[in-house]
Amino acid sequence: MSGIRVLVADDHRLFREGICHILQHIGGFIIAGEADNGKTAFKLTGELSPNIVLMDINMPVVDGVKATRRISEQWPLVPVVVLTMYHEETLGACPRIG
């Protein structure tokens with residue numbers, strides 16, 4: 001089976017499962033793995049070699065910003081797309097991650 005191998009990292013199980021479900025039904029995507037924190041996302045990136053990582057920012061253990069930075073340093077050809085939601089109306093400047 002061929003397709004884009006995706007690692008989905010989000011600490012909210014229902015959201016993570018929903019993203020996986022959508023990607024599987026779109027077609028062309030393979031869920032390589034799931035992580036519920038940034039530490040696990042980093043570990044699984046090395047073990048599973050995904051083509052792309054979908055990363056939440058606010059996660060326990062290691063947050064998504066730190067995990068993204070580590071992934072980008074270790075595997076610079078693996079793109080990380082940040083999916084997140086904030087309750088604040090204004091965020092200010094976003095830190096540069098890569």
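Is Trp 75 buried, partly exposed or exposed, and what is its relative accessibility? In this predicted model, Trp 75 has a relative accessibility of 24% and therefore counts as partly exposed, since buried means under 20% and exposed over 50%.

**View 1. The aromatic pair of Phe 42 and Trp 75.** The structure holds one aromatic pair, which is formed by Phe 42 and Trp 75, with 5.0 Å from centre to centre and 45° between the planes, so that the arrangement is tilted. Phe 42 belongs to helix α2 (residues 38-48), whereas Trp 75 lies in the loop between α3 (64-74) and β4 (80-82), and the pair therefore ties together parts that are 33 residues apart in sequence.

**View 2. The surroundings of Phe 42.** With a relative accessible area of 16%, Phe 42 is buried, because that value falls under the 20% cut-off. The charged end of Arg 70 sits over the ring of Phe 42, at 3.8 Å from the centre of that ring.

View 3. Ser 49 is located in the loop between α2 and β3 (52-55), and although Ser 49 is not a glycine, its phi is positive, at about 50°.

**View 4. Val 61 in the loop between β3 and α3.** Val 61, which is found in the loop that lies between β3 and α3, is a residue other than glycine with a positive phi, near 70°. The relative accessibility of Val 61 is 65%, so this residue counts as exposed, the cut-off for which is over 50%.

Key. Residues numbered from 1 in each chain as written. Predicted model: local features only at pLDDT ≥ 70, side-chain atom pairs only at ≥ 80, totals over all residues. Heavy atoms only, no water. Phe/Tyr/Trp six-rings, centres within 6.5 Å; stacked < 30°, edge-to-face > 60°. Helix = DSSP H or I, 4+ residues; strand = E, 2+ residues; numbered from the N terminus. Buried < 20%, exposed > 50% of the residue type's maximum accessible area, 1.4 Å probe, protein only. Lys NZ or Arg CZ within 6 Å of the ring centre and 35° of its normal.
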